[in-house]
Amino acid sequence: MSDQKFTLPPLPYDYNALEPVISSQIMTLHHTKHHQTYVNNLNAAFASQATALSTQNIPELIALQAKIKFNGGGHINHSLFWKNLAPYESSATKIDSAAPTLKAAIEAQFGSVNELIKAFNAVLLGIQGSGWGWLVADKVGGKLEIVTTKDQDPVTGAVPVFGVDMWEHAYYLQYLNNKAGYVEGVWKVINWAVAEGRYVSGVESEVGGVKL
């Protein structure tokens with residue numbers, strides 16, 4: 001484990017590609033500062049863990065679990081988040097053509113895509129403090145559910161179809177206290193093509209050294 005190095009994955013688009021929904025300034029800071037910090041801290045935590053293992057320092061090993069969970073979750077969540085966003089008005093943001101299977105599942109379970117969005121927005125705006133909102137499936141091609149995770153806790157035991165970062169650093173420089181504006185706008189840059197792939201095939205890609 002001491003040789004393991006996690007890396008910051010590159011964005012699959014330019015920093016300004018999500019404008020006007022999410023500004024280039026936010027994307028640059030969010031990716032190169034916030035996500036990079038999670039990666040750096042995760043690597044440091046595993047280096048400390050290796051030392052603690054070699055010296056059989058059990059109290060230190062226990063203490064490090066919180067750092068690994070927080071920074072590891074931050075790395076996983078952001079790696080998924082970048083990919084489930086797409087350039088504004090690109091073909092991937094059109095659910096009808098990009099996600100026919102997922103759209104049919106949403107309509108069968110929620111009644112319509114608009115009803116899903118309404119329910120999802122209510123969940124996002126109900127998050128107290130920092131956290132994430134997710135559309136998950138209980139298995140590949142399975143039942144859909146809207147869930148939240150606290151702070152940087154990752155989704156476990158389900159397929160993360162797409163997630164929305166509700167930490168203030170994801171929107172505040174642009175939207176200030178207008179959290180609802182960010183929540184309403186983010187749907188214009190959801191990558192339905194990626195969401196379709198996750199729903200149909202699961203998440204089986206390497207994310208900066210993490211197997212999902």
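This is a predicted model: local features need pLDDT of at least 70, side-chain atom pairs count only at pLDDT 80 or more; totals for chains, interfaces and linings use all residues.
## Reading helix packing and a domain interface

Trainee: What counts as a salt bridge here?

Mentor: Side chains of opposite charge can pair when their charged atoms come close. The rule wants a side-chain nitrogen of Lys or Arg within 4 Å of a carboxyl oxygen of Asp or Glu. By that rule the count comes to 4 salt bridges. D153 sits in the loop between β2 (144-150) and β3 (159-165) and K69 in helix α2 (residues 58-83), so this pair ties together parts that are 84 residues apart in sequence. Helices (H or I, at least four residues) and strands (E, at least two) are DSSP runs, numbered from the N terminus.

Trainee: And how do I read two packed helices?

Mentor: Two packed helices are described by the angle between their axes and the distance between the axes. The axes are lines fitted to C-alpha atoms, for helices over the stretch in contact, and angles run from 0 to 180 degrees between N-to-C directions. Take helix α4 (residues 100-110) and helix α8 (residues 192-201): the angle is about 75°, with the axes 8 Å apart. That makes α4 roughly perpendicular to α8, a label for 65 to 115 degrees.

Trainee: Which residues of α4 and α8 make the contact?

Mentor: On α4, P100, T101, L102, A105 and I106; on α8, W192, A195, E196, Y199 and V200. Contact means heavy atoms within 4.5 Å.

Trainee: At what angle does α4 pack with α5?

Mentor: About 70°, with the axes 8 Å apart; α5 covers residues 113-125. Here K103, I106, E107 and F110 of α4 meet V113, E115 and L116 of α5.

Trainee: How are the domains laid out, and how much area is buried between them?

Mentor: The domain assignment, automatic or from a database, gives domain 1 (24-84) and domain 2 (91-204). Their C-alpha centres lie 23 Å apart. In contact are 17 residues of domain 1 and 25 residues of domain 2. The buried area, meaning accessible area (1.4 Å probe) lost on being put together, summed over both parts, is about 1700 Å², with 63% from carbon and sulfur atoms. In domain 1, I26, N77 and N84 lose the most area to domain 2, together 38% of what that side buries.

Notes
Residues are numbered from 1 along each chain as its sequence is written. Side-chain values use heavy atoms; hydrogens and water are left out. Angles under 35 degrees count as roughly parallel, over 145 as roughly antiparallel, 65 to 115 as roughly perpendicular and the rest as oblique. Buried area is the accessible area (1.4 Å probe) that two parts lose on being put together, summed over both.
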